[in-house]
Amino acid sequence: MPAFPSSHAFNMNTKFNHQNMLGRLGVSVRFTSLVLIVASIAFCCAIVALRSLDIGTDTQAYANIFQNIEKYGIANTRLEPGYVAFAHIVSCLGFSIIGMQALTFLLLILTIVYSAREYWKYLGSFNSNRMFLATSLGLFFVSPMFVSASINAIRQGLASLLIFIALLFFSRRQWWKFIFLAAIATSFHYSSVIYFVFAPILLLKQRTIQIILVSFFLFYCLGLTEEFVKSISPLVYSQVMDYKYGSLYNAGVRIDFAAFSFFWYAITYVLAPLICKNVRDKIMVANSIYLTMLLPFFLVGFGNYSNRLLVPAWLSASLIIASCIYNCRIALLRHPVFLWIWLCVSCTVFYYFVTNEIIL
């Protein structure tokens, strides 16, 4: 008589087949995610690279600097050394202005990939790093602030997420990592220094940080910080007010910018009950870093183009909100299919924003 397999052998074989199927499914999800991430980046890169030089108020200025480097090997500019060195490398490799715009955008994407990975490692999330990146990219692509960083405030955009991660390292007392990343961020945009000046605040208790920064928010909205700066340092006040004097910009206390900025801080607390407990406290620490990055605006955000002071914080908000979504108790919000659809839709939004110059 033929021997029949025992029930134990049958169960072991079934378990092995089930695990094998799950393994193949996991590989398929990771591969599909990688393909969609690469495709979305390539699509958005093409939009930025092929745009007219009339799209983006600073695009022509950047193009002129790059063309001078192409022709003369040097550009008469006071731009930061990190960006100038990058432009020289691109020029030496033989790329045109289209290539320069494409590679600059890819460098910006690289800062997102690096920052998302470091932030994901900090959170200790058990979910896929690749899917978290997809969630983050989707939020960046629908952000008018990211559009501005891509076609307008380019150097500041390159520095922004590096500032956030540097401050994260500072809050964790990882001093050498902080110094290294702070130096790179500053090499792309000198204004990065003003965010690092306030870094010691992050060594205080989280409750104390909240009280200090919420107080600054209220002082700014009441116009008290403007009066304080005017009385303590007339020189600083005049420099702030004289920046691009006469431009068509609504200077003064910008309640709209302050409220919009504070909204992204408050929304995290609204979403807190929905966030998985194992990462909730860490997200709140990151939220304090975001609030710290608003301090330069709360102090001198009454001059022209004060929104430039908010670019690093606003870009960092996309990463923090992505962590809230991807670590949400609602499983649908982190389902791969949902995130894939979200990434595709966000690319369409990005195309619309760039071609219509919808920026903040």
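The legends below describe several close-up views of a predicted model.

**View 1. The whole protein chain, as a setting for the close-ups.** The protein chain has 17 helices and zero strands, and buried residues make up 50% of its 360 residues. Of the contacts in the protein chain between residues at least 6 apart in sequence, 79% join residues at least 24 apart.

**View 2. The packing of helix α14 with helix α16.** Two packed helices are described by the angle between their axes and the distance between the axes. Helix α14, residues 277–292, packs with helix α16, residues 311–326, at an angle of about 170°, and their axes are 10 Å apart. Because angles over 145 degrees count as roughly antiparallel, α14 is described as roughly antiparallel to α16. On the α14 side the contact is made by Ile283, Ala286, Asn287 and Tyr290, which meet Ala313, Trp314, Ala317, Ile320, Ser323 and Cys324 in α16. Sorted by class, this contact of α14 with α16 has eight nonpolar residues, two polar residues and no charged ones.

**View 3. Helix α17 and its buried face.** Helix α17 spans residues 336–355, and its 20 residues reach 29 Å from the first C-alpha to the last, which is close to the 28 Å expected at 1.5 Å a residue. The buried residues in α17 are Pro336, Leu339, Trp340, Leu343, Ser346, Cys347, Phe350, Phe353 and Val354. Seen down the axis of α17, these buried residues fall within an arc of 140°, so they line one face of the helix. An α-helix has 3.6 residues a turn, so residues three or four places apart point the same way. The face of α17 turned away from its buried side carries Ile341 and Thr348, which are exposed.

View 4. Ser136 lies in helix α5 and counts as buried, with a relative accessibility of 0%. When residues up to four places away in sequence are not counted, Ser136 touches Leu319 and Ala322. Ser143, by comparison, lies in the loop between α5 (129–141) and α6 (144–151), and Ser143 is also buried, with a relative accessible area of 5%. Leaving aside neighbours within four places in sequence, Ser143 is in contact with Ser318 and with Phe353, and Phe353 is one of the buried residues in α17.

**View 5. The surroundings of Phe302.** Phe302 is placed in the loop between α15 (295–300) and α16, and Phe302 is buried, with a relative accessible area of 0%. Although Phe302 and Gly252 are 50 residues apart along the chain, their C-alpha atoms are separated by 4.2 Å. Not counting residues up to four places away in sequence, Phe302 touches Tyr220, Thr225, Glu226, Val229, Tyr237, Val240, Met241, Ala251, Gly252 and Val253.

View 6. Most residues other than glycine have a negative phi, and most peptide bonds are trans. Arg173, although it is not a glycine, has a positive phi of about 60°; Arg173 is placed in the loop between α7 (154–171) and α8 (175–188) and, at 47% relative accessibility, counts as partly exposed. Glu357, likewise not a glycine, has a positive phi of about 50°. Glu357 is found in the segment after α17, where Glu357 is partly exposed, with a relative accessible area of 34%.

Conventions
Residues numbered from 1 in each chain as written. Predicted model: local features only at pLDDT ≥ 70, side-chain atom pairs only at ≥ 80, totals over all residues. Heavy atoms only, no water. Axes fitted to C-alpha atoms, helices over the stretch in contact; angles between N-to-C directions. Helix = DSSP H or I, 4+ residues; strand = E, 2+ residues; numbered from the N terminus. Parallel < 35°, antiparallel > 145°, perpendicular 65-115°, else oblique. Contact = heavy atoms within 4.5 Å. Nonpolar A, V, L, I, M, F, W, Y, C, P; charged D, E, K, R; others polar. Expected span 1.5 Å × (residues − 1). Buried < 20%, exposed > 50% of the residue type's maximum accessible area, 1.4 Å probe, protein only. Arc of directions from axis to C-beta.
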